[in-house]
Amino acid sequence: MTMELRATVHQKCDELMKLEWNSPDDHSEAIKGILEQAERVHQARKHFGVQVTESMFTRCEENLRAALVARNQHHAFHLTLQKFPDEISTDLSPRDVKAAFQKSYQDRANETRVDGSPEMIKLRNLKNGEAGSSSEKIDDDDVSEMEPEGGMRPVYSTSCPGKCHFSFNGIMSMMKKSKKIKCPTAGCPNLNLKPQDLMDSKDMIRELKKRAS
């Protein structure tokens with residue numbers, strides 16, 4: 001590899017690192033919102049009953065997994081941009097650089113964990129009712145937040161094939177910087193989720209009100 005080619009790789013990596021979309025803030029906000037929703041579900045689980053609680057925790061876990069994967073991939077990509085120019089072999093040809101970058105990124109991405117992450121452990125502790133005595137202290141505000149007009153009310157996407165569900169605040173926090181995002185639900189192919197696609201999940205809201213009464 002010539003010095004000119006190495007300099008070009010350095011320049012390209014530096015340019016990519018400066019792009020606005022290369023910020024971890026969106027992932028952090030999404031993860032925070034999902035865990036806040038899980039905490040509220042945990043606190044109000046006696047009002048909702050087993051079936052609704054399990055359903056909401058399943059959605060939380062799916063959304064958290066997708067958000068953690070996205071965060072880990074972002075971190076791996078960012079770290080590769082930092083390290084790759086100095087770790088590539090001098091005998092690489094220009095056409096081999098792209099493949100080498102992809103391998104470097106993939107190796108880092110494969111090292112990250114989701115199931116053993118502190119965030120996933122916290123959510124599963126909440127799901128299993130292992131978060132202390134907070135579940136015994138149910139505030140009416142926690143329940144009302146999940147009812148119509150509440151910030152944590154359940155909504156679903158009309159543009160997702162599986163009508164993916166979210167909390168209103170949780171999904172809107174992911175759309176703060178971009179009004180069109182990839183659906184955070186694991187396995188959903190929707191790449192163009194927009195605020196106007198969201199509808200209140202009236203069936204789930206009715207069930208929540210029934211459980212809370």
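On a 1 Å grid over the protein atoms alone, a cavity is a set of points where a 1.4 Å probe fits but cannot get out, and its lining residues are those with an atom within 4 Å of a point; grid points are joined across faces, edges and corners, and a volume is the space filled by probe spheres set on the points. The structure, a predicted model, holds two cavities of 30 Å³ or more. In this model local features need pLDDT of at least 70 and side-chain atom pairs count only at pLDDT 80 or more, whereas totals for chains, interfaces and linings use all residues. Residues are numbered from 1 along each chain as its sequence is written, and side-chain values use heavy atoms, with hydrogens and water left out.

The largest cavity has a volume of about 70 Å³, and its lining is made up of Ala-30, Ile-34, Gln-37, Asn-63, Phe-166, Ser-167, Gly-170, Ile-171, Met-174 and Pro-184. At least two residues of this lining come from each of helix 2 (25-43), strand 2 (165-167) and helix 7 (168-174), where helices (H or I, at least four residues) and strands (E, at least two) are DSSP runs numbered from the N terminus. By class, six of the lining residues are nonpolar, four are polar and none is charged; Ala, Val, Leu, Ile, Met, Phe, Trp, Tyr, Cys and Pro count as nonpolar, Asp, Glu, Lys and Arg as charged, and the others, Gly among them, as polar.

Rings of Phe, Tyr and Trp (its six-membered ring) are taken to pair if their centres lie within 6.5 Å, with planes under 30 degrees apart counted as stacked, over 60 as edge-to-face and the rest as tilted. By this rule there are three aromatic pairs. The ring centres of Phe-77 and Tyr-105 lie 6.1 Å apart and their planes meet at 80°, so this pair is edge-to-face. It links distant parts of the chain, with Phe-77 in helix 3 (residues 45-87) and Tyr-105 in helix 4 (residues 94-111), 28 residues apart. Both Phe-77 and Tyr-105 are buried, that is, under 20% relative accessible area with a 1.4 Å probe and protein chains only. Phe-84 and Phe-101 form an edge-to-face pair as well, at 5.2 Å centre to centre and 85° between the planes. Ring pairs link Phe-77, Phe-84, Phe-101 and Tyr-105 into a cluster.

Three strands form an open sheet in the order 2-1-3 with antiparallel pairing, strands being paired if DSSP finds at least two bridges between them.

Technical notes
1 Å grid on protein atoms, 1.4 Å probe; cavity = no way out; pocket = protein on both sides within 12 Å on 5 of 7 lines; lining within 4 Å. Buried < 20%, exposed > 50% of the residue type's maximum accessible area, 1.4 Å probe, protein only.
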